[in-house]
Amino acid sequence: MTVRHPCRSDFPALLREFDGQTISYLDNAATTLKPRPVIQAVTEYYETNGANIHRGKHRLSEEASDAYEAARVVIARHLGAAANEVVLVRNTTEALNLVAAGLDLPPDAYVVGCLDAHHSQMLPWRRAGRLEMARVDAHGRIDREHFRALLRGRPRVVALTHCSNVTGVVHPVAELVAEVRAACDAVIVLDAAQSLPHRRVDVQELDVDFMAFSMHKMLGPTGVGVLFGRSAQLARLRPLSVGGGMVDWVDLDGSVDRRIPYTFEAGTPAIASIIGSAAAVRYLEAQDTPQQHQHAEELCAALVGGAVTRPGVRLIGPPDTTDRIALASLRLDDRIPTGEVARLLSDSYGCMVRSGHMCAQPLVSGTAGGEVLRVSAYLYNDVAEIEGFYQALDELLSWIAPVAATGEKLS
Amino acid sequence: MSDPSLFDAVREEIAYAYENTVFFRKHMEDNGLRPQDIRTAEDFRRIPPTSKGHYRRGFPAAVLAKGYTLTSPNVMRFQSSGTSGERLNSAIMSYDLARRQATGFGVHRGFDGLWQPGSRPRLCRFAPPNCSDVECATGFSTMEDRILPDGTLVLTVAHDLLATPEWQIVKALDEIEDYRPDLLVVDPTHFAFLTRWARRLGRKISSPRKLHLVSGYTLFTRVARRQIEEFMGPELPIGDMIGMSELGYLGFECHRRRRHVNTKDFYLEFVRDGRPVEPGERGELFVTTIDDALIPRIRYATGDWFTPLGEPCPCGSELPVVRIEGRGTHMVRLPDGRTVTPGAVDALVGDAPWLDLYKLEQDRSGDCAFRYVPGDTARPQDAAALEARLMEALAPARVRLEAVTYISCERSGKFQPCVSHLSAEGAR
């Protein structure tokens, strides 16, 4: 009998069956499932309160405001940041757009990014300035020489990606930051959406100016993005949205904005989801054990090992487990429709994986030549599920492309 | 329902499925049955019905017959959104599809000239996006990108019919003109929408070839039919297809406008509470394939309900005549235990020249909302008269009529004219 990870029972969605079949949820890079404490925190807010935050003097409003601000503190503490350095927005994309638009860069401002960036760390900078992207090698590791060469142009902003959502590569951000600091005075903006769910980041140690991530990729509810910004950097940002909640005073002649971080939080936020985010952080911190780290390494090894030894698939990313998360993007034979395979893996085998360009089309088109199948594991997954996924893939390929499945390894 | 002489072929199909598919052998063994136990129609009913779920989960490994793969010659693969989210991945032999289609078209004299020796009809499809095997919904693709291996041109269709942008409508009209089809295979609500736009834009939908129209995918409402006939003219042969993606043509409308089911290529049962229904009673259609070498299906419960009428048709076809009732999960459930089918609701609405589109929706409490998009000629008394008819037919459930300018589609892009959340919930 297979021994399942003990925390699985905390995730009610994993109890679902389709056509009498249990599911293996392996699409965690897109979003993670939610544990009961998170669901309960969200539900409790709606069941016992439901009032709007801030500006209200009644008891329910004050209680809701307290819970909301307490969540900000929990998130800030998780990062090693001060609470006023944490801006709560809708998602990573909004957080990055807030910085790109809010810096008020001149149209020709030189920005350095990286080719493996998610569209959300690419398109805002293309709009805000002149983006040049550092190359990655065949395994998705950043081309350090090229990066250094780009820095010599003295960029105004360096937009880094901590971990690629395609290759799973975790870039040596501390070293890259040091190189930036030595070369220029660029603002450093880090997309940590894929890394933070897997490893803690201390923003005091990691000398970035801004860092963005989404709670839904780390067990939290959807609709909550976090922008960390050093207070001096946040103070220079122009708010993306104006309106209720972000001003202290409005008269016929003008208005006075609230202080950071509230000046960036116009309108009613996702109160319940933010309260639920604190529960997610607490849950994650409780799981931050050596055993869990070992488990993550085993998941990673199973994913990479399954890919590199398998004919009919090509791993997009490094063929080893060094500095990477438990994520594998697989390119199938050109004759095999990736989307159809993803659908059959779901409906016939219960394996939920993602297919497509992963919102990183330049990288995927360049390195894979077309759509990929992405398998991403998280703390509630088991090695047996990954083995099961590969068995399902083998069986499916034998039906859909017998030549590729039994033929030689694709290069 | 089917010809008893076909039963020998059914027994062969059972034996074939048992010998060649993992799923059906297990299905029989789990129920203590072997092929030789099935000698009579009564024995046959001992086989528990099979379902979409069985074939979804078992596809391809457990349901494809030995010796076939998904890349075998003549195998056509497809993914279907299904009705009400019952999605399905499946495959069919192209010649089985053609055989069943030919039987269907055979009941309609207006389709006699469609297949000419040495040529195949040029076919255009205008149907909800997820029913198509190509990425047509975004509209970024070219006409060439959307021509399937069998030569079918798939026209771009938006997921949300009434929110379709004008450029996409113009594109569909342009492409029909360019492609010069012999046959339009359409979702009736979508095509009625296209005709309304064509009229507004002063465009025609025509072809230098003799055009034919097959309606499928969703219930062919009288409202949609009226609009299509008015716009396209009386010369256009129109046939309503009874079909499923995984099986092809289960039946077709004859030139006398009656629906015939295909008992030549399938063994069909209409079943209620486990027993075959009498003529005039409605029952769920169970399908057993005949000579399907790829994915034989035995007592496949379709979820579609019909009333076999048990009477000859003046068209001369011997294929049985039925009345379409609709999906079981779409039936309106009344507090007194009666059910009203989508087909019955459509009969109540009629061709309603005063409205363009309607949808009756029963919520979980049992209340019904009838939303409609009024046409140019709508008068207050039209809605009042319909309201009275609906209230009488659906009592004691409450009915509310609402004139609107927009009604949403299912996410699949299908527009269902009658849905019941009560029935859908009960089916879960």
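**Close-up views of a predicted two-chain model**

**View 1. Helix α1 of chain B and its surroundings.** Helix α1 of chain B, which covers residues 7–20 and so has 14 residues, reaches 20 Å from its first C-alpha to its last, close to the 20 Å expected at 1.5 Å a residue (the expected span is 1.5 Å times one less than the number of residues; helices, H or I with at least four residues, and strands, E with at least two, are DSSP runs numbered from the N terminus). The model is predicted, so local features need pLDDT of at least 70 and side-chain atom pairs count only at pLDDT 80 or more, whereas totals for chains, interfaces and linings use all residues. Residues are numbered from 1 along each chain as its sequence is written, and chains are lettered from A and ligands numbered from 1 in the order in which they are written. The buried residues of α1(B) are Val10(B), Glu13(B), Ile14(B), Tyr16(B), Ala17(B) and Tyr18(B) (buried: 20 or more other C-beta atoms within 10 Å of the residue's own; exposed: 12 or fewer; partly exposed: in between; C-beta atoms are placed from the backbone). Their cover includes α2 (22–30), α3 (41–44), β10 (266–272) and β12 of chain B, with contact taken as C-beta atoms, placed from the backbone, within 7 Å.

View 2. After α6(B) comes Arg180(B), whose phi is positive, near 55°.

**View 3. Strand β13 of chain B between its pairing partners.** Of the 9 residues of strand β13 of chain B (300–308), 7 are buried. Strand β12 (283–289) of chain B runs antiparallel to β13(B) and is joined to it by 4 bridges, with Glu284(B) having Trp305(B) as its bridge partner (two strands pair if DSSP finds at least two bridges between them). β13(B) also pairs in the antiparallel sense with β14 (321–327) of chain B over 5 bridges, and here Pro308(B) has Val322(B) as its bridge partner.

**View 4. The boundary between the two domains of chain B.** Chain B is assigned domain 1 (4–325) and domain 2 (331–427), the bounds coming from an automatic or database domain assignment. The centres of the two domains, taken over C-alpha atoms, are separated by 25 Å, and 25 residues of domain 1 of chain B are in contact with 25 residues of domain 2 of chain B. On the domain 1 side of this contact, α7, α8 (222–232) and β14 of chain B each supply at least two residues, and the largest share, 4 residues, comes from α8(B). The residues of that side divide into 10 nonpolar, 8 polar and 7 charged (Ala, Val, Leu, Ile, Met, Phe, Trp, Tyr, Cys and Pro count as nonpolar, Asp, Glu, Lys and Arg as charged, and the others, Gly among them, as polar).

Methods: Two residues are in contact if their C-beta atoms, placed from the backbone, lie within 7 Å.
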